[in-house]
Amino acid sequence: MSDDTTTGPDRPVLEIDGLEVHYGVRRRRRRALHGVSLSVAPGEAVGIIGETGSGKSTLARAALGLVRASAGSIAVDGEDVTAHGTRQWRALRRRGVVQYVFQDPLRSLDPDLSIETSLTEPLLIGGATREEAAARVRGFLPRVRLDEDLLGRLPGELSGGQRQRVAVARALVTGPRLVILDEPVSALDSANRVQVLEILKGLRADGVALVFISHDLGSVAGVADRVAVLYRGELVEAGATRDVITAPRHPYTRLLLGSAPTLRGAPADRAERDALRALLHT
Ligand code: ADP
Ligand code: MG
């Protein structure tokens, strides 16, 4: 047996090592990510949590080739994508290796295309015939609890919850190895949030790996096997979801848990929270 973990069926679908991302140039240059390392195994769901501005979307963008790494490396399904240009990224996406879902489904869906066209398009690009694509889409709809009646409509004619379920379907219908979801439930009301979280949980059975990004640990907890905590562009804690919730090691994680009191069954002590906040912001 080989001990080379970069090849073979068990190699990580996403491997990020020492990632640095900067925005802006010269004096306006700002570091958004610093020394971030993360490995996601096939079929694994990893949650990334952190407050607004901690670098979560930057991490998603880097893993999707939408922003360049200033240092470090990124490999997707064993392929080093660190220096990939637009064309190579397009080829990777066409092969359906990695897909994405953003907070606002209108960003992942063309407003002028019917739901059916939006859903069949990635399959047609992947080489399916029209009949195959149509059948696959119809077969997939129950997984995201959508009705066939919706196929002829435009995104603007759907509710926010339905639209996000279409975006999830579009990302998953091609059977990708990895899906990156950046705040997929943050814009939804609580009923739709619960529904999308249940759908994501159900999709785990397909063996797809998920990177589930949220500012809310509570949303991630039911779906992710592991969570990593981003704070000011650095990963400060990572571990099995249950361990991070029951025995957080970093003060920032405790602060995040304090704002999700239902997770530990007791309301967070206000004084403790204020103390942690003061500690973190000095
Ligand atoms: P999050 O998704 O956790 O809210 P982001 O990754 O969006 O965090 O942002 C991380 C940091 O990078 C923030 O300080 C933000 O202001 C900055 N930033 C994000 N996008 C850009 C951009 N396009 N240009 C300049 N700065 C950016
Ligand atoms: Mg963000």
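## Helix α4 against α5

Glu116, Leu119, Thr120, Leu123 and Leu124 in α4 meet Arg130, Ala133, Ala134, Arg136, Val137 and Arg138 in α5. Contact here means heavy atoms within 4.5 Å. By class, this contact holds six nonpolar, one polar and four charged residues. Ala, Val, Leu, Ile, Met, Phe, Trp, Tyr, Cys and Pro count as nonpolar; Asp, Glu, Lys and Arg count as charged; the others, Gly among them, count as polar.

α4 and α5 (residues 130-140) pack at an angle of about 120°, and their axes lie 9 Å apart. α4 is therefore oblique to α5. Angles under 35 degrees count as roughly parallel, over 145 as roughly antiparallel, 65 to 115 as roughly perpendicular, and the rest as oblique. Axes are lines fitted to C-alpha atoms, for helices over the stretch in contact, and angles run from 0 to 180 degrees between N-to-C directions. The α4 and α5 crossing is right-handed. A crossing is right-handed if the near helix is turned clockwise from the far one by less than a right angle, and left-handed if anticlockwise.

## Model and conventions

This is a predicted model: local features need pLDDT of at least 70, side-chain atom pairs count only at pLDDT 80 or more, and totals for chains, interfaces and linings use all residues. Residues are numbered from 1 along each chain as its sequence is written, chains are lettered from A and ligands numbered from 1 in the order in which they are written, and side-chain values use heavy atoms, with hydrogens and water left out.

Helices (H or I, at least four residues) and strands (E, at least two) are DSSP runs, numbered from the N terminus.

## Helix α4 against α6

α4 also packs on α6. The angle is about 20°, with the axes 8 Å apart. So α4 runs roughly parallel to α6. Their crossing is right-handed.

On the α4 side, the contact uses Ile115, Ser118, Leu119, Glu121 and Pro122; on the α6 side, Val166, Ala169 and Arg170. These residues divide into five nonpolar, one polar and two charged.

## Helix α6 against α7

α6 (residues 160-172) and α7 (residues 190-203) pack at an angle of about 15°, with 10 Å between their axes. That makes α6 roughly parallel to α7. This crossing is right-handed.

Gly161, Arg165, Val168 and Leu172 in α6 meet Asn192, Gln195, Val196, Ile199, Leu200 and Leu203 in α7. The contact has six nonpolar, three polar and one charged residues.

## Largest pocket

The largest pocket has a volume of about 360 Å³. A pocket, on a 1 Å grid over the protein atoms alone with a 1.4 Å probe, is an open set of points with protein on both sides within 12 Å along at least five of seven lines; lining residues have an atom within 4 Å of a point. Grid points are joined across faces, edges and corners, and a volume is the space filled by probe spheres set on the points.

The lining has 18 residues, with Thr52, Gly53, Ser54, Gly55 and Thr58 nearest the pocket centre. β2 (30-40) and α1 (56-63) each supply at least two. α1 gives the largest share, four residues. The lining divides into two nonpolar, eight polar and eight charged residues.

## Second largest pocket

About 310 Å³ of space lies in the second largest pocket. Of its 14 lining residues, Arg93, Gln99, Pro122, Ile125 and Arg170 lie nearest the centre. α2 (86-94), β6 (98-101), α4 (115-125) and α6 each give two or more residues to the lining. Its classes are five nonpolar, four polar and five charged.
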